[in-house]
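Please walk through this structure with the text beside it.

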Amino acid sequence: MRRALMIIDVQNDFCPGGTLPVPEGDQVVPAINRLMDKFDLMVATRDWHPEQTTHFEKWPVHCVRNTPGAQFHPDLDTSRIDKIVSKGTGTKDDGYSAFDTEELDLAAWLREQGVEALYFTGLATEYCVKASALDAVKHGFKTFVITDAIRGIDVNPGDIDKALEEMKEAGVGILDASKIY
Ligand code: VGL
Ligand code: ZN
């Protein structure tokens, strides 16, 4: 069975110093780089917003396409990424889920690669990671999140724990990197 490492939105604006920083967001980077040795296929998503979008009525301006804030964290080993998926590209489009993209049918593409299991890492736990993992289950993939390679915003304290609980109830396996061989 082939498995893919899913790297969600490890971009400068979601890291300390960015415009929508996830606390300790940059700490997922070394964990993700180490995990790359264990996977057949690496898929990275990027939040890739236009300058004006209804999404910015809910959030500070972040990850505007082709700006430094939208670049991947400089320490992420992008040389090993097989596929980059841009999302949130429309003017009325939140694009929280990796599967919510016009570029390609991601679920179909993954199946064509022979992938049956998806392991999610990245930012932010209770938004794009959760939305992507829940969609992955709906698309029929065996789905996991790797707890030490994700970080959340916790806008309201408890949001992260709630999100993990919600994912678990939907059938997502919650594990840490030491359990991945
Ligand atoms: C995200 C809020 C707004 C995320 C993206 O990547 O989790 N969160 N846009
Ligand atoms: Zn966004």
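A polar contact is a pair of N or O atoms within 3.5 Å; within protein, one must be able to donate a hydrogen and the other to accept it, and residues adjacent in sequence count only if both atoms are side-chain atoms. This is a predicted model: local features need pLDDT of at least 70, side-chain atom pairs count only at pLDDT 80 or more, and totals for chains, interfaces and linings use all residues. Residues are numbered from 1 along each chain as its sequence is written, and side-chain values use heavy atoms, with hydrogens and water left out.

Take S86. The side chains of S86 and R46 are joined by a polar contact of 2.9 Å. S86 lies in strand β3, residues 83-87 (strands are DSSP runs of E, at least two residues, numbered from the N terminus). Why does S86 count as buried? Its relative accessible area is 3%, and buried means under 20% (1.4 Å probe, protein chains only). Beyond neighbours within four places in sequence, S86 is in contact with R46, W48, T101 and E103; contact means heavy atoms within 4.5 Å.

Now the metal. D47 (OD), H49 (NE2), H55 (NE2) and H62 (NE2) coordinate the zinc ion (ligand 2), at 2.1 to 2.2 Å. Donors are N, O and S atoms within 2.8 Å of the metal (3.2 Å for Na, K and Ca); water is not among the atoms, so sites may look incomplete. The donor residues of the zinc ion (ligand 2) follow the spacing D-x1-H-x5-H-x6-H. D47 and H55 are both buried.

Definitions and conventions:
Chains lettered and ligands numbered in written order. Buried < 20%, exposed > 50% of the residue type's maximum accessible area, 1.4 Å probe, protein only. Helix = DSSP H or I, 4+ residues; strand = E, 2+ residues; numbered from the N terminus.
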